[in-house]
Amino acid sequence: MKKLGNLFLQGLIAILPIGATIFVLYWLGTYAESILGGLLKRWLPDQWYWPGMGLLAGMAATCFIGLLVNAYLFQQFNKITEATLTRIPLVKTIYNGVRDITAFLAASRSKSDLKTTVLVRLNDDMRVVGFITADRVPYETAEESVAVYLPMSYQIGGYTVYIPKNRLEPLNMSIEDALRMVITAGMGNKG
């Protein structure tokens, strides 16, 4: 019976990440198709609409918004919208959280914000993985200090600490591998 339980658990571990990914992609696709496809059905003659156009319209709209992000008028509109949303008590909490998470995930794809992966020495025996985010600190220090983001395992969150450079050790690991290792509490580490 114990062997059967282990086999079941191993199978679950193998299929759960794939199944969850397929489910999320399916959900996003069907959601885009139901909303945008419904709008397209109202605007287009029946013979012009075919299944999947809502999903394609969602992808095209997302790419178009990506292009607009760099336009001056869109940046001004975005500033006004953000200023308005950050004044509404409950909305500002949700908006700021989602904005920070998406900015963090976008930063993890490029090395512009997360500059270097380091080990932060807490004491002689303990170290934590961190990411240098800024080479300067917003205050005067006796020692040269940097801003280091210390993510927490199993959740999106963490701490930004300002720490002297002499307490950091460079870590020969890509930002993506280090993030995977930290977020999974080391279980995602294949090495």
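Arg121 forms a salt bridge with Glu169, the closest N and O atoms being 3.5 Å apart, where a salt bridge is taken as a side-chain nitrogen of Lys or Arg within 4 Å of a carboxyl oxygen of Asp or Glu. Because Arg121 belongs to strand S1 and Glu169 to strand S5, this pair ties together parts that are 48 residues apart in sequence. The structure is a predicted model, in which local features need pLDDT of at least 70 and side-chain atom pairs count only at pLDDT 80 or more, while totals for chains, interfaces and linings use all residues. Residues are numbered from 1 along each chain as its sequence is written, and side-chain values use heavy atoms, with hydrogens and water left out.

By the rule for such pairs, the count comes to three salt bridges. In another of them, the side chains of Arg127 and Glu169 meet with an N to O distance of 2.6 Å, and this pair links distant parts of the chain, with Arg127 in strand S2 and Glu169 in strand S5, 42 residues apart. Through shared partners, salt bridges join Arg121, Arg127 and Glu169 into one network. Relative accessible area is used to class residues as buried (under 20%), exposed (over 50%) or partly exposed (in between), with a 1.4 Å probe and protein chains only. On this scale Arg121 is partly exposed at 25%, as is Glu169 at 23% and Arg127 at 33%, whereas Glu144 counts as exposed at 54% and Lys165 as partly exposed at 38%.

The protein chain has five helices and five strands, these being DSSP runs numbered from the N terminus (helices H or I, at least four residues; strands E, at least two). Along the sequence, the elements follow the pattern α-α-α-α-β-β-β-β-β-α. The five strands make an open sheet with the order S4-S3-S2-S1-S5 and antiparallel pairing, two strands being paired if DSSP finds at least two bridges between them. Strand S4 (158-164) and strand S5 (168-170) stand at the edges with a single partner strand each, so one side of each is left without a neighbour in the sheet. Strands S2 (residues 127-134) and S3 (residues 145-151) run antiparallel and are joined by three bridges; Ala134 has Ala147 in S3 as its bridge partner. Helix H5 (residues 175-183) lies across strand S1 (116-121), S2 and S3, running at about 135° to S2.

Buried residues make up 20% of the 191 residues in the protein chain. A nonpolar patch on the surface is formed by Phe23, Val24, Leu25, Trp27, Leu28, Tyr31, Ile35, Leu39 and Trp43, with about 990 Å² of accessible area together. Val24 is placed in helix H1 (residues 2-43) and counts as partly exposed at 42% relative accessibility. Patches are made of residues with over 30% relative accessible area and no salt bridge, with like charges joined within 9 Å and nonpolar side chains (Val, Leu, Ile, Met, Phe, Trp, Tyr) within 5 Å.

Notes: Accessible areas come from the Shrake-Rupley method with a 1.4 Å probe; for residues, only the protein chains shown count as cover. Contact means heavy atoms within 4.5 Å. Axes are lines fitted to C-alpha atoms, for helices over the stretch in contact, and angles run from 0 to 180 degrees between N-to-C directions.
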